[in-house]
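User: I've got this model open and want a quick tour. Can you walk me through it?
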Amino acid sequence: MPIVSPPQDNPYAAPQTEVLHSAEGRGRVWRDGKLLRLEQGAQLPQRCVRCNAPAEVHIDRKLYWHSPWWALLIFAGVLTYAIVALIVRKRADVRIGLCAEHAKARRRTMLGLGALALFGVAACVSAPVGLRGFGVLLGAVLPLTAWFIGQRRSAVLQPVRIDKQEAVLKGASEEFLASLERRAA
Ligand SMILES: [Zn+2]
């Protein structure tokens with residue numbers, strides 16, 4: 001697909017001060033060191049967040065975040081923490097772009113994690129009597145680990161902070177960040 005590359009492809013170009021607006025003309029996106037910051041409702045430039053090539057796959061994600069201090073509530077019980085976390089968490093809807101190559105890599109990771117989870121379940125149900133305990137352990141640990149890693153990997157970008165005004169995300173490549181306006185915290 002012939003897509004005209006934006007001028008920031010030149011690695012020797014002077015730092016960009018481009019202000020990016022969403023398609024609707026609202027919401028800004030900028031870099032803050034290694035972090036990506038965007039106003040709530042802003043749209044990311046549709047380039048691969050891993051390599052800055054034109055995006056061919058678009059992933060719509062709802063990213064959630066709450067202050068880590070709320071995790072202390074776990075001492076009051078896992079259920080209490082889970083309910084409060086659902087109430088206090090902040091959300092940002094983000095459309096993340098990936099090139100075909102990085103979308104394929106993401107799919108491969110997800111398939112590998114799925115296989116790992118299935119292997120855990122299979123080990124659990126097929127373990128010989130003498131190894132039952134070990135099988136149950138694998139059956140619990142592997143799917144949980146795969147789910148935990150899968151949550152992060154499928155989102156591509158991880159929230160560092162989300163509030164009413166903006167979302168701060170990590171995981172974008174230097175190539176992608178280099179094309180954005182800089183703004184200090
Ligand atoms: Zn890419």
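User: Start with helices H2 and H3. Which residues of H2 meet H3?
Analyst: This is a predicted model, to begin with. From H2, the residues are Arg 106, Thr 109, Met 110, Leu 113, Gly 114, Leu 116, Ala 117, Phe 119, Gly 120, Val 121, Ala 123 and Cys 124. They meet Gly 135, Val 136, Leu 138, Gly 139, Val 141, Leu 142, Pro 143, Ala 146, Ile 149, Gly 150, Arg 153 and Ser 154 in H3.

User: How many of the residues in that contact of H2 with H3 are nonpolar, polar and charged?
Analyst: The contact has 15 nonpolar residues, 7 polar and 2 charged.

User: At what angle do H2 and H3 pack?
Analyst: The angle is about 165°, and the axes are 7 Å apart. Angles over 145 degrees count as roughly antiparallel, so H2 is roughly antiparallel to H3. The crossing of H2 past H3 is left-handed.

User: Which residues of H3 are buried?
Analyst: Gly 135, Gly 139, Leu 142, Pro 143 and Ala 146. Helix H2 (100-126) is included in what covers the buried residues of H3.

User: What span should H3 have, and what are its end C-alpha atoms apart?
Analyst: H3 covers residues 132-155, which is 24 residues. At 1.5 Å a residue the helix should span 34 Å. The end C-alpha atoms are 35 Å apart, so the two agree.

User: What follows H3?
Analyst: Val 156 does, with a positive phi near 70°. Val 156 is in the loop between H3 and strand E6 (158-162).

User: Is Val 156 buried or exposed?
Analyst: Val 156 is buried, because 21 other C-beta atoms lie within 10 Å and the cut-off is 20 or more.

User: New topic. Where is Asn 52?
Analyst: Asn 52 is in the loop between strand E3 (35-39) and strand E4 (57-65). Its phi is positive, about 70°, although Asn 52 is not a glycine. Asn 52 counts as buried, with 23 C-beta neighbours inside 10 Å.

User: And which residues does Glu 175 touch, leaving out those up to four places away in sequence?
Analyst: Glu 175 touches Cys 51 and Asn 52. Glu 175 lies in helix H4 (residues 174-177). Glu 175 is partly exposed, with 17 other C-beta atoms within 10 Å.

User: How far apart are Glu 175 and Ala 53?
Analyst: They are 122 residues apart in sequence. In space, C-alpha to C-alpha, Glu 175 and Ala 53 are 9.1 Å apart.

Note on methods:
Residues numbered from 1 in each chain as written. Predicted model: local features only at pLDDT ≥ 70, side-chain atom pairs only at ≥ 80, totals over all residues. Helix = DSSP H or I, 4+ residues; strand = E, 2+ residues; numbered from the N terminus. Buried ≥ 20, exposed ≤ 12 C-beta atoms within 10 Å, placed from the backbone. Contact = placed C-beta atoms within 7 Å. Expected span 1.5 Å × (residues − 1). Axes fitted to C-alpha atoms, helices over the stretch in contact; angles between N-to-C directions. Parallel < 35°, antiparallel > 145°, perpendicular 65-115°, else oblique. Left-handed = near helix turned anticlockwise from the far one by under 90°. Nonpolar A, V, L, I, M, F, W, Y, C, P; charged D, E, K, R; others polar.
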